[in-house]
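Student: I would like to learn how to read pockets and ligand sites in a model. Can we work through one together?

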Amino acid sequence: MIQHPGNVFVVSAPSGAGKSTLAQRLVATVPDLIFSISFTTRKPRPGEVDGRDYFFIDDVRFDTMVREGGFVEWVQVYGHRYGTGREWLQKTLATGRDVLLDIETTGAMNLRRAIPDARMIFILPPSATSLEQRLRSRGKDSDEQIAIRLQHARHEMELYHAYDYLVLNDDLELGYRQFESIILATRAGLDRMTPVAQRILKGF
Ligand code: ADP
Ligand code: 5GP
């Protein structure tokens, strides 16, 4: 089990629901919230940067990391492998900052075993049709990749009930506000705020 002073937020969604859009805005807006950069054997999409969006590595290096226990969790989806690096996550959480992980449902369930108090957030698309439209309008996956992602979407959707929060990403502004509220409300929880309240109390 990973010991940590910071909050861990896990976000999952069927591909195309708007998870990256929401997550990128969140980490750019909310202070002390760090995006967990996964390792993947997938090739970068146009505009993606190594070390910012993912650590893009080859199969040999991925195999080595698996053998050496370098992942908290890893999966194979859409024909590629994706994993959360153990060392990076442990180091970042030890600094007390909050971490946001964008991972698919199987990995999310495995991560919760390592970090049982992780807050689990699922992004819902308004409908199956709009999910397909968003995947096509993103324009970054081939028709074949889009078909694979749509096939997998139903399986991901069926696991919604394993999450703590469901954010409906229909209107982007409303979806974003819901998402941000979950982070801020968790930070305001009694367990997290007790040391702050005690410090203030000492001044009376
Ligand atoms: P994911 O990370 O879940 O695969 P993206 O964030 O890449 O999805 O979003 C998929 C596409 O849908 C992008 O083109 C994005 O601009 C668009 N999108 C995201 N949220 C909304 C929304 N609320 N309304 C309309 N389009 C959206
Ligand atoms: P994409 O190829 O669209 O960037 O990501 C495909 C899927 O892989 C998304 O559902 C994303 O959340 C998931 N993913 C990205 N990184 C990881 C990871 O480290 N672990 C797991 N389990 N899934 C990941």
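Predicted model: local features only at pLDDT ≥ 70, side-chain atom pairs only at ≥ 80, totals over all residues.

Student: What volume does the largest pocket have?

Tutor: Start with the term. On a 1 Å grid over the protein atoms alone, a pocket is an open set of points where a 1.4 Å probe fits, with protein on both sides within 12 Å along at least five of seven lines; lining residues have an atom within 4 Å of a point. Points are joined across faces, edges and corners, and the volume is the space filled by probe spheres set on them. Here the largest pocket has about 1,000 Å³. It is lined by 42 residues, and K19, S20, R45, D102 and R138 are the closest to its centre.

Student: Which element supplies the largest share of that lining?

Tutor: Elements are DSSP runs numbered from the N terminus: helices (H or I, at least four residues) and strands (E, at least two). α1 gives the largest share, 6 residues. At least two residues each come from α1 (19-29), β5, β6, α5 (128-138) and α6 (143-157).

Student: How does the lining divide by class?

Tutor: Ala, Val, Leu, Ile, Met, Phe, Trp, Tyr, Cys and Pro count as nonpolar; Asp, Glu, Lys and Arg as charged; the others, Gly among them, as polar. The largest pocket's lining has 15 nonpolar, 13 polar and 14 charged residues. The second largest pocket holds about 170 Å³. Its lining has 2 nonpolar, 3 polar and 5 charged residues, including D32, R97 and R187.

Student: Where does ligand 1 sit?

Tutor: A molecule sits in a pocket if more than half of its atoms lie within 2 Å of the pocket's grid points. Ligand 1 sits in the largest pocket. α1 and α5 each give two or more residues to its shell, and α1 gives the most, 3 residues. A shell residue has a heavy atom within 4 Å of the molecule. Around ligand 1 these include G16, K19, R138 and D170.

Student: How many residues surround ligand 2?

Tutor: There are 16, with S38, R42, Y54, Y82 and D102 the closest. By class they are 5 nonpolar, 4 polar and 7 charged. β6 (80-85) gives the most, 3 residues. Ligand 2 sits in the largest pocket.

Student: What is the distance from R42 to an oxygen atom of ligand 2?

Tutor: A polar side-chain atom of R42 is 2.7 Å away. For Y82, the corresponding distance to a ligand oxygen is 2.6 Å. T84 uses a polar backbone atom, 3.3 Å from an oxygen of ligand 2. The protein covers 95% of the 510 Å² of accessible area that ligand 2 has on its own.

Notes. Residues numbered from 1 in each chain as written. Chains lettered and ligands numbered in written order. Heavy atoms only, no water. Polar contact = N/O pair within 3.5 Å; in protein donor to acceptor, adjacent residues only side chain to side chain. Areas by Shrake-Rupley, 256 points an atom, 1.4 Å probe, with all protein chains shown as cover.
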